[in-house]
Amino acid sequence: MRISTSSCLCPFLVCLCFIQRCYGASHHVPAKVPSKNQTKLANGETEVHHRPKRGWIWNQFFVLEEHMGPDAQYVGKLHSNSDKGDGSVRYILDGEGAGTIFIIDEVTGDIHATKSLDREKKTHYVLHAQALDRHTEEALEPKSEFIIKVQDINDNAPKFPDGPFVATVPEMSEVGTSVLQVTATDADDPTYGNSARIVYSILQGQPYFSVDPKTGIIRTALANMDREAREHYTVVIQAKDMAGQVGGLSGSTTINITLTDINDNPPKFPQKNYQLYVPESAQVGKPVGKIKANDEDLGINADIKYSIINSEGANMFSISTDRDTREGIISLRKPLNYERKKTYTLHIEGVNTHVDPRFSYLGSFKDTATLKITVGDVDEAPVFSMDHYIMDVYENAPSGTEVGTVTARDPDSRNSPVRYFLDSKEEGVRYFRIDESSGVIRTTQHLDREDLSWHNITAMASEVDNPSLLSHVPVTVQVLDMNDNPPEIATDEEVIVCESSRPGQEIQTVTAVDKDDFANGQRFSFALQSQLPVNPNFTLKDNEDSTASIIARRRRFNHLTQELYELPIVVWDGGEPSLSGTSTLTLRVCPCQRHGRIRMCQGEAFLSSAGLSTGALIAILLCIVILLAIVVLFITLRRSKKEPLIISEEDIRENVVTYDDEGGGEEDTEAFDIIALRNPAAAEELKFRRDIRPEVRHHCGPPRGRRSPSVELDEVDVHEFIKQRLVEADMDTSVPPYDSLQTYAYEGQGSPTGSISPLDSPGTQSEQDYNYLDDWGPEFQKLAELYGEADSDVTT
């Protein structure tokens, strides 16, 4: 099978491929000359050997893009060797665009493109062709694949996808310095013809810049381009395809080029000479003027450092650079005095801080100027001779005592008189006054060092002619001490005296305090009052080190006999003149702990060991009282509440009430009075009703002898007692109106040996001495006291 295609070079020529080969092979072979595929037989005939041939012979098909003709564009022709031209072969086509873009004549095999194609959207199409028998629909040739390529034409202009562009280049750059590279793209086929072959050219920006026609690199074309003369440039670059030939398509873009600054200009002062007026009252460290040098450069290339290069100006003034305005700020280094010097000359230099060595040939990048400063005369406030005055005065000095003198003068040439006064806003001014003319400071009242030892006041001075100009100076007055306070004992607490103290034993060491101030240390002497008789209990020993010791003079103090003692002590100080004071100490007698090592009362020791304060003890006692009140209230309510004996509403005339309450044993003294059974006679005498308060009878005279209950039980017949109780129960009107069972049990006579209870035993006075318990320690001391008190009660 063979194909024929249209030529891709000339759209007007149609080539039929291999037509002669398809139809001429069987008509132009000589009859008598066997070919290579023929064999001559013996009878003179020839046998033809048919060599099998390939059914499809393929080449690529080509179709022009953007076809605008009225008819479908012819692409090519399919032909099979099995096709005899009788229409028995049917050609079919499938694949990309088959039936929509590409159609085939089923009989002739001609292929046409029905639509205009765009190579930039799709470059080729893959299709499959097959020859079938029209009658049997059997495949005469196997299905084969072929490609239809879309042939490019120059229908796309070059484009700059990233434009417009912005670029920078330093000023004063050399010729040929690269600025920027621009690249244009063309959608046409770069492998076919010159449709995508681009050439660059410059349309605007000459003679300052040029462009490489192949690479698109923009370069400087002019030397010494100065930013200060012109900073911005606009360059237009064109890209043209077809290698720049006539008829090619083109596109352009804009590049905005800015020259960046370099330090190629030195600073310049607009003037060479300047003048400045500064009053003599200008404050030190404050700015007094400004000066500025101009620099046409930008950024750090225009940074300037100012300096004063002559010593006359540098000693009195300083200059610094303002980073924002690039001005030189002139400040005062020392105070000005019009009377001493009226003018100053400053030589100021401005230098670039960032110098480009490539332009050193231009000279030094600095400039100088001269500044003449004139000092103005100002009426100044008086000036004190000192910055701070310190004075002193003795306490208790009489009012009007001179403390010190402050001095001020007018610094101006007129030397006006000065008036002095004190700042009335300060508290210390009520203790002092100042003479307006002389500046002498005196006291206005007595001063007490113990009340306030230092006074701070402010003295002020002004000119008599101009009171608005004031000057101030601080004055500190120290109050010196005098011995005007008697000494006294340092502590007000009670002194603890142990009951077991011995004669000569030191009770406590006391010290004294004095409000006065002694430069060499305080010295105190101690003694008892001489007007009083000799104290039989205590004496005082002066230790000669500003302390004294209280000494016991007798043995065995007893807090029950006397708990508190007072001891007046006289104390002398070592001042001039010497003063004395009397302090009375309170000594409390307490039972101390073992061996008297810790002098603290036992009650206090208990509280101290428990770590309880007075407030805590009060809170605990209050809680206890509240709890007791609640318990009493509860018991009262329980007793006042009367409950019915029988709740049931049934007939109670023959009911027997049973109580299942059990006694509390020997300790239960509330449930039943056992004395009634043991001693009926005594019970008869003590009989009382429980709902009536018993009368208390007081008997005078010696108590009668009490008989033992066992003896009384022998004298009374218990059976008679029970009968008597029965009659009382029957006649008692306070009992409920029904029968109740009361049981009285009698267990018989007592033991012949009698009772071992100590309650019935007659008391005997013990002759034993319990003083030996004191030697056992504080644990047994209380026990000894209890036994001793019991013995004394029995004896009494």
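1. Start with Met242. In this predicted model, Met242 lies in the loop that runs between strand E16 (232-240) and strand E17 (250-260). Phi of Met242 is near 55°. That is a positive value, and the residue is not glycine. Most residues other than glycine have a negative phi, so check this spot by eye. How accessible is Met242? Its relative accessibility is 22%.

2. Glu544 sits in the loop between strand E38 (538-542) and strand E39 (547-552). Is Glu544 buried or exposed? Its relative accessible area is 73%. The cut-off for exposed is over 50%, so Glu544 is exposed.

3. Next, the peptide bonds. Most peptide bonds are trans. The bond joining Gly163 and Pro164 is cis. Its omega is about -5°. Where does Pro164 fall? Pro164 is placed in the loop between strand E10 (144-151) and strand E11 (165-170).

4. Gln206 and Pro207 are likewise joined by a cis peptide bond. Here omega is about 5°. Pro207 belongs to the loop between strand E13 (199-204) and strand E14 (209-211).

5. The cis bonds are at Gly163 and Pro164, and at Gln206 and Pro207.

How values were computed:
Residues numbered from 1 in each chain as written. Predicted model: local features only at pLDDT ≥ 70, side-chain atom pairs only at ≥ 80, totals over all residues. Heavy atoms only, no water. Helix = DSSP H or I, 4+ residues; strand = E, 2+ residues; numbered from the N terminus. Buried < 20%, exposed > 50% of the residue type's maximum accessible area, 1.4 Å probe, protein only.
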